[in-house]
Amino acid sequence: YVQSPKTQIQLDALRLQDIRSDFIDKTFGLAGQITSIRYSENGHPLVAPIEKVKQVSRIIIHHEWMSLDKNETDEEIIRRIYRSHTLSKQWWDIAYNYIIGQRGKIYEWHAGGDYVAWVHALYNNRWTVWVVILGDYSKNHLNRDQIAGLEKIIPFLAQKYGITLSANVDGVECINSTCDTLKKVTTKSLIGHRDVRATDCPGENLYPFIEKWITQFNKTYAPVYNPEQINIEPTPTSLVMNRTLKVSS
């Protein structure tokens with residue numbers, strides 16, 4: 001797809017993506033600035049580049065929409081998510097930065113480490129850190145251990161990245177279902193997925209906790225910027241998009 005000539009429909013889609021990217025760059029400036037891009041690791045090409053940003057300014061809470069099998073361990077469920085994200089969706093890793101297990105255990109996930117950008121919240125990925133809890137909380141309720149896990153990770157991430165949970169920060173939202181037009185929205189720094197996307201996530205039984213946690217864990221922090229030096233590797237020639245029009249035979 002990358003190297004082959006494109007149909008007019010494909011070219012139009014690429015141009016639309018350029019418009020979206022330009023909107024994000026102009027709207028969020030420093031907060032959304034990409035400071036490093038790596039296309040290889042230890043001499044081997046990566047399936048997708050690892051991008052890192054200057055600042056993380058928002059924590060987004062999500063649930064995994066799955067029914068939990070009491071006989072499954074966290075590890076088995078996470079392997080199931082991994083298969084779904086990498087094989088079915090063809091992403092190169094699980095999309096979430098942190099996972100809260102069935103009994104509140106916290107798993108750090110997603111290759112790339114701190115300040116890495118990923119795909120968990122459409123057009124809101126550069127400046128966010130993502131926490132997902134296993135289970136479907138549109139139907140079920142959090143147990144005591146899960147609440148404790150969330151109440152441990154939220155203040156930890158707020159301090160780590162210098163996020164004042166009650167602060168108003170900018171985000172992006174699709175105006176319609178096709179996302180051909182974006183608009184800027186303002187939310188608190190701790191939100192649910194539904195605050196930037198037309199979705200029920202993280203579920204009616206989890207979402208009301210968020211406002212409580214903003215009050216409970218709110219402290220005023222100065223932003224903690226990515227200390228790594230700017231290192232943007234040139235795009236490999238094999239990944240440079242061919243934008244020539246495909247000639248019909």
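The model is predicted, so local features need pLDDT of at least 70 and side-chain atom pairs count only at pLDDT 80 or more, while totals for chains, interfaces and linings use all residues. Residues are numbered from 1 along each chain as its sequence is written, and side-chain values use heavy atoms, with hydrogens and water left out.

- Helices (H or I, at least four residues) and strands (E, at least two) are DSSP runs, numbered from the N terminus; two strands pair if DSSP finds at least two bridges between them.
- Strands β1 (residues 34–41) and β2 (residues 44–53) are antiparallel and share six bridges. Glu 41 has His 44 of β2 as its bridge partner, and Ser 40 stands opposite Pro 45 in β2.
- On the parallel side, two bridges link β1 to β10 (residues 231–232). Here Ser 36 has Asn 231 of β10 as its bridge partner.

**The hairpin turn**

- Two residues separate the strands in the hairpin of β1 and β2. Asn 42 lies in the loop between β1 and β2, and its phi is near 55°, a positive value in a residue other than glycine.
- Is Asn 42 buried or exposed? Asn 42 counts as exposed because its relative accessibility is 74%; the cut-offs are under 20% relative accessible area for buried, over 50% for exposed and partly exposed in between (1.4 Å probe, protein chains only).

- As background, nonpolar side chains tend to be buried together in soluble globular proteins.

**A cavity and a pocket**

- On a 1 Å grid over the protein atoms alone, a cavity is a set of points where a 1.4 Å probe fits but cannot get out, and a pocket is an open set with protein on both sides within 12 Å along at least five of seven lines; lining residues have an atom within 4 Å of a point. Grid points are joined across faces, edges and corners, and a volume is the space filled by probe spheres set on the points.
- There is one cavity of 30 Å³ or more, and the largest cavity has a volume of about 80 Å³.
- Of the 13 residues that line the largest cavity, Asn 97, Gly 113, Asp 114, Val 116 and Tyr 161 lie nearest its centre. The lining has seven nonpolar, four polar and two charged residues; Ala, Val, Leu, Ile, Met, Phe, Trp, Tyr, Cys and Pro count as nonpolar, Asp, Glu, Lys and Arg as charged, and the others, Gly among them, as polar.
- The second largest pocket has a volume of about 150 Å³. Its lining includes Lys 188, Leu 190, Asp 195, Tyr 207 and Glu 211.
- Both β9 (190–192) and α4 (208–217) give two or more residues to the lining of the second largest pocket, with α4 giving the most, four residues. By class, this lining has six nonpolar, no polar and three charged residues.

- The structure holds zero disulfides, a disulfide being a pair of cysteine sulfur atoms within 2.5 Å.
- Cys 201 counts as buried because its relative accessibility is 0%.
- Pro 202 lies in the loop between β9 and α4.

- Tyr 115 has a phi near 70°, a positive value in a residue other than glycine.
- Tyr 115 sits in the loop between β5 (106–108) and β6 (128–133), and it counts as buried because its relative accessibility is 7%.
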